[in-house]
Amino acid sequence: MKRIISFVIRYIPRSFLQLVSHIFLRILAIFYQGNQVSCTVCKKEFRKFLPYGRRARENALCPNCLALERHRLMWLFLKQKTNFFSAPLKVLHVAPELCFIDRFEKLNNLEYITGDIESPLAKVKMDIHQIPFEDNSFDVVFCNHVMEHVDDDIQACKEINRVLKKGGWGIIQSPVYDIPETLEDKSVTSPAERERLFGQRDHVRKYGHDYAKRLSQSGLEVHENLFVKELPAQTIEQHALPPNEVIFYCTKGKSELTA
């Protein structure tokens, strides 16, 4: 199973996988019945989650809603630390994750807009370097695992900062490696060489410990939130959460979490 999943996500276009993978995985879920783990997003229980990743991680992917470890953690963060599920908010979700789309669209308190340049799941076709909305349009922006793909991550973050309202906030996650500074070389265009240097064939940089500082060049205030460290070990195990994941909580101006 690990080898199959690793091959599929490495070589099959993501836009195609976004359309069909959930059908196959929900069939596969029959073979994972149990109650050893539970998904924070869809509330379904399994004996374990599916492996996922180019170097497949065990116990990672919910076969029902396709939430990964980081998605299950983000859901808990939104529930426990923000007013996302209760306040009237206008939300822009860039490159929306399948596990969130239907659930966010059903929340009566949200005006929820999805956008992306290539995802078939997004309703607005847009280039994050030039977001097609007016200044100060959104209370919240989500943009996860996008910045490692784009030509100019600082410009993309400037656009997020521009469309956020004063006091607005967002979450901008990316893979961050245990290296001091971000590795970037725009002369590297070969997919194989990008995979060797940056970890994936369609990545254009490899983020290091300077991720928050780098994104802050855009004008956003980027906070490294260690929410997962507040959670009991039992909760981390039950939901198979990433034990060292930093949530990069970004604000336009000073902003306090609600809890």
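Modeller: A salt bridge here is a side-chain nitrogen of Lys or Arg within 4 Å of a carboxyl oxygen of Asp or Glu. Please bear in mind that this is a predicted model.

Biologist: How many salt bridges does the structure hold?

Modeller: The structure holds 12 salt bridges. One of them joins Glu230 and Lys81, with 3.1 Å between the closest N and O atoms.

Biologist: Is Lys81 buried or exposed?

Modeller: Lys81 counts as buried because its relative accessibility is 15%, and the limit for buried is under 20%.

Biologist: Which residue does Glu159 pair with?

Modeller: Glu159 forms a salt bridge with Arg162, and their closest N and O atoms are 2.9 Å apart. Both residues lie in helix α5 (residues 153–163), with a spacing of 3 residues, about one turn of the helix. Glu159 is buried, at 10% relative accessibility, while Arg162 is partly exposed, at 22%.

Biologist: And what about Arg196 and Glu193?

Modeller: Their side chains meet in a salt bridge, 2.6 Å from N to O. This pair sits in helix α6 (residues 191–198), again 3 residues apart, about one turn of the helix. Arg196 is exposed, with a relative accessible area of 58%, and Glu193 is partly exposed, at 28%.

Biologist: Which residues are linked in a network of salt bridges?

Modeller: Asp153, Glu184, Arg205 and Arg214 are linked in such a network.

Biologist: Turning to Glu97, why does it have no salt bridge?

Modeller: Glu97 is buried, and the nearest side chain of opposite charge, Arg70, is 5.3 Å away.

Biologist: Where is Glu97, and what is it in contact with?

Modeller: Glu97 lies in the loop between β5 (89–94) and α4 (98–105). Beyond its neighbours within four places in sequence, Glu97 is in contact with His71 and Asn144.

Biologist: What is Phe104 in contact with?

Modeller: Setting aside neighbours within four places in sequence, Phe104 is in contact with Trp75, Leu78, Phe84, His93, Leu110, Tyr112 and Phe142.

Biologist: Which residues form a nonpolar patch on the surface?

Modeller: Ile27, Ile30 and Phe31 form that patch, with about 340 Å² of accessible area together. Ile27 is part of helix α2 (residues 14–28), and at 51% relative accessibility Ile27 counts as exposed. In soluble globular proteins, nonpolar side chains tend to be buried together.

Biologist: Lastly, where is Lys44 found?

Modeller: Lys44 is in the loop between β1 (37–38) and β2 (45–46), and is partly exposed, at 42% relative accessibility. The C-alpha atoms of Lys44 and Asn64 are 7.3 Å apart, although 20 residues separate them along the chain.

Conventions:
Residues are numbered from 1 along each chain as its sequence is written. This is a predicted model: local features need pLDDT of at least 70, side-chain atom pairs count only at pLDDT 80 or more; totals for chains, interfaces and linings use all residues. Side-chain values use heavy atoms; hydrogens and water are left out. Helices (H or I, at least four residues) and strands (E, at least two) are DSSP runs, numbered from the N terminus. Buried means under 20% relative accessible area, exposed over 50%, partly exposed in between (1.4 Å probe, protein chains only). Lys and Arg count as positive and Asp and Glu as negative; His and the chain ends are not counted. Contact means heavy atoms within 4.5 Å. Patches are made of residues with over 30% relative accessible area and no salt bridge: like charges are joined within 9 Å, nonpolar side chains (Val, Leu, Ile, Met, Phe, Trp, Tyr) within 5 Å. Accessible areas come from the Shrake-Rupley method with a 1.4 Å probe; for residues, only the protein chains shown count as cover.
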